[in-house]
Amino acid sequence: MSNPLSLAAVVLVCLTTLAVGGLGLRLSRRTSDFYVAGRTVSPRLNASAIGGEYLSAASFLGVAGLIYDQGVDMVWLPVGYTLGYLVLLVIVAAPMRRSGAYTLPDFAEARLGSRAIRLVSSALVIGIGCLYLIPQFQGASLTLTLVTGAPAWAGGFVVMVVIALAVGAGGMRSITLVQAMQYWIKLTALAVPAFVLLALWFRSGSPSPQVDPSWHVPLSPTSPDDHPTYRTVSIVLALCLGTMGLPHVLVRYYTNPDGVGARRTTVTVIALLGTFYLLPPIYAALGRVAYPTLPAGVGSDTIVLRLPETFVDGLTGQLLTAMLAGGAFAAFLSTASGLAMSVTGVIDQELLRPRLARFAGGDVPGIRGFRISAVLAVLVPYVLSRVAEPLGLATTVGLAFALAAATFAPLIMLGVWWRRLSTWGAMAGLLVGGTAALGSIMTTMVVDDLGGWAGAILANPAMWATPLALATAVIVSLATPGRIPAGTTRTMVRLHTPERVALARSRLPE
Amino acid sequence: MSNEARTQQEDAYLELQSTSEFQALRKKFRGFVFPMTAFFLAWYFLYVLLSIFAPDFMGQRVGGDDSTITVGLLFGLGQFVTTFAITFIYARWANRELDPLADALGARLDGMKEH
């Protein structure tokens, strides 16, 4: 299915991303501009940017594919994606903002005063970022191959180059503008074809989707080896706790001017995400109308892109496919740039800058190290995306959430709400959660099909790895009360003092 | 900020913690947020429980036997609405109830500075 219009749409989205990125270059000057846009982004712009950044390959292509495959219980996936923001807002957003840390490793160090915990957190940010970037590159390759017949390495490569240029050029400021725009591109690109397809479906006498009755029944197993209840509960837990531990999500809360702005942003984000997620189930159901079963060699992740040309021939079909391909690329680019941005920040701060400074006698301009880091942050996951066994876009993204839920979620929740957390406890929690989750994820990615309970437990580690990490952190902390950081009480009060009080406080004579 | 100034400011935080206003603020926040979190988590896991214990109810077709829409699907989509509603209620509560309290405490501290 070679389609020149689709190729044009993909090129247009890439060029626009680069052009707006270039515009951002003229606006960003200081270091804080590069990281958090100088903390001056309005709630509405910020909400669009969060939506734009968050809706990835998994949401644009993967969710429809999973609902097509497994039926209505997969509606839970988008609900979980949205729910994570509510948990983040209510439980951790405000204290994290008040900690004054730009990144998760900054927070870990500020709260626990430990350089070692900072390093482990940095490694985890890079790990989660990589896991999340892999499906973006895979989705891009899949899309470009489907609509233009390009070789499988090409799509991911294009995304990698565009991201490295955009992030290296302008940092966060340009990314905020680019991503706000990309939310609206994605929504339009998914909504317009959906409505056209629905209209065509009505005109052809609205035939029912050809599905097994169990497709309609939530949590009904698709095979005896399938454990849908465990899987669903584990996914919901991973999404609802993992969101707070995603490196590219939390940093967005620092770009709000104040707490009121952060709340307004979240309300808007949930409205934007909810609107978007009404669309994938439409594609899944229409997919079952057009393809009662998938043709051989076709993955369910491509169902969204295949639908227009099965419903309508000629120019209309090509135009709709082009819209979807452009929207899909907007999804890959925006998510990947947000992730690359966070991973770049960590590589720059933790690994590159200290070494470059030593090498050049402290004379390296900060921006150059940042740009080298940007290249590293996209190159490694691209290579991994070429060698890893593709698991399905939404599934791989789910693994990134599970890793975040098993590591950062306990650290953040205990760090914000429990004053008896000790340095050793936090470290033990991170290591146990990280090892358990990463071990399961690696096994799932390398071993083809474990099947049965072993497969279900390893493919969805959040359900057991998160409580395990939490319990480890609590037990080790209780056993090592001497390792509670000396300034804990002060830090805790600072985290829980509303900004307005802190402001008045800072004006007191010192 | 010099080290000395920082220490003094952080001691000021400790002092702040001991005020009854700060404790009241903290109690108010926890009194609202903890029960609410428990409530919304229970509400989301209700879907899972219903799917396990009342699969016939969740699989029931809405609007005719060959309809694609089931109770389970509506329940799932309805969660978007409730998520939005809960977030909205929290934001309004924080803006109306929590912020004025914080403002009052801030103003009192400002007042202390003038005396």
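L77(B) sits in helix α4 (residues 71-114) of chain B, where helices (H or I, at least four residues) and strands (E, at least two) are DSSP runs, numbered from the N terminus. This residue counts as partly exposed because 18 other C-beta atoms lie within 10 Å. The scale behind that label calls a residue buried if 20 or more other C-beta atoms lie within 10 Å of its own, exposed if 12 or fewer, and partly exposed in between, with C-beta atoms placed from the backbone. Between L77(B) and Q23(B) there are 54 residues in sequence and 40 Å in space, C-alpha to C-alpha.

A word on what you are looking at: this is a predicted model, in which local features need pLDDT of at least 70, side-chain atom pairs count only at pLDDT 80 or more, and totals for chains, interfaces and linings use all residues. Residues are numbered from 1 along each chain as its sequence is written, while chains are lettered from A and ligands numbered from 1 in the order in which they are written.

Let us stay with chain B for a moment. Its secondary structure consists of 4 helices and 0 strands, in the order α-α-α-α from the N terminus on. Of its 115 residues, 24% count as buried. Contacts, meaning pairs of residues whose C-beta atoms, placed from the backbone, lie within 7 Å, can be sorted by sequence separation. Among those in chain B with a separation of 6 or more, 41% join residues 24 or more positions apart.

Two further residues of chain B are worth a visit. W43(B) belongs to helix α2 (residues 20-53) of chain B and is partly exposed, because it has 13 C-beta neighbours inside 10 Å. From W43(B) to T19(B), 24 residues away in sequence, the C-alpha to C-alpha distance is 37 Å. G59(B), in helix α3 (residues 55-59) of chain B, is buried, because 21 other C-beta atoms lie within 10 Å. Its C-alpha atom is separated by 25 Å from that of F39(B), 20 residues apart along the chain.

Now turn to chain A. Here you will find 21 helices and 0 strands. Buried residues account for 60% of its 510 residues. Of the contacts in chain A with a separation of 6 or more, 84% link residues 24 or more positions apart.

After α7(A) comes G149(A), whose phi is positive, near 75 degrees.

Next comes α3(A). Among the buried ones are P43(A), N46(A), I50(A) and Y54(A).

What does α3(A) pack against? Helix α3 (residues 43-54) of chain A meets helix α11 (residues 259-277) of chain A at an angle of about 45 degrees, with their axes 8 Å apart. Axes are lines fitted to C-alpha atoms, for helices over the stretch in contact, and angles run from 0 to 180 degrees between N-to-C directions. The two helices are therefore oblique to each other, given that angles under 35 degrees count as roughly parallel, over 145 as roughly antiparallel, 65 to 115 as roughly perpendicular and the rest as oblique. Their crossing is right-handed; a crossing is left-handed if the near helix is turned anticlockwise from the far one by less than a right angle, and right-handed if clockwise. The contact includes A47(A), I50(A) and Y54(A) of α3(A) and T268(A), V269(A) and L272(A) of α11(A). By class, its residues divide into 7 nonpolar, 6 polar and 2 charged. Ala, Val, Leu, Ile, Met, Phe, Trp, Tyr, Cys and Pro count as nonpolar, Asp, Glu, Lys and Arg as charged, and the others, Gly among them, as polar.

Finally, look at helix α12 (residues 279-290) of chain A and helix α13 (residues 303-311) of chain A, which pack at an angle of about 50 degrees with their axes 10 Å apart. That angle makes α12(A) oblique to α13(A), and the crossing is left-handed. Y283(A), L286(A), G287(A) and A290(A) of α12(A) meet I303(A), V304(A), L307(A), T310(A) and F311(A) of α13(A). This contact has 7 nonpolar, 2 polar and no charged residues.

Conventions
Two residues are in contact if their C-beta atoms, placed from the backbone, lie within 7 Å.
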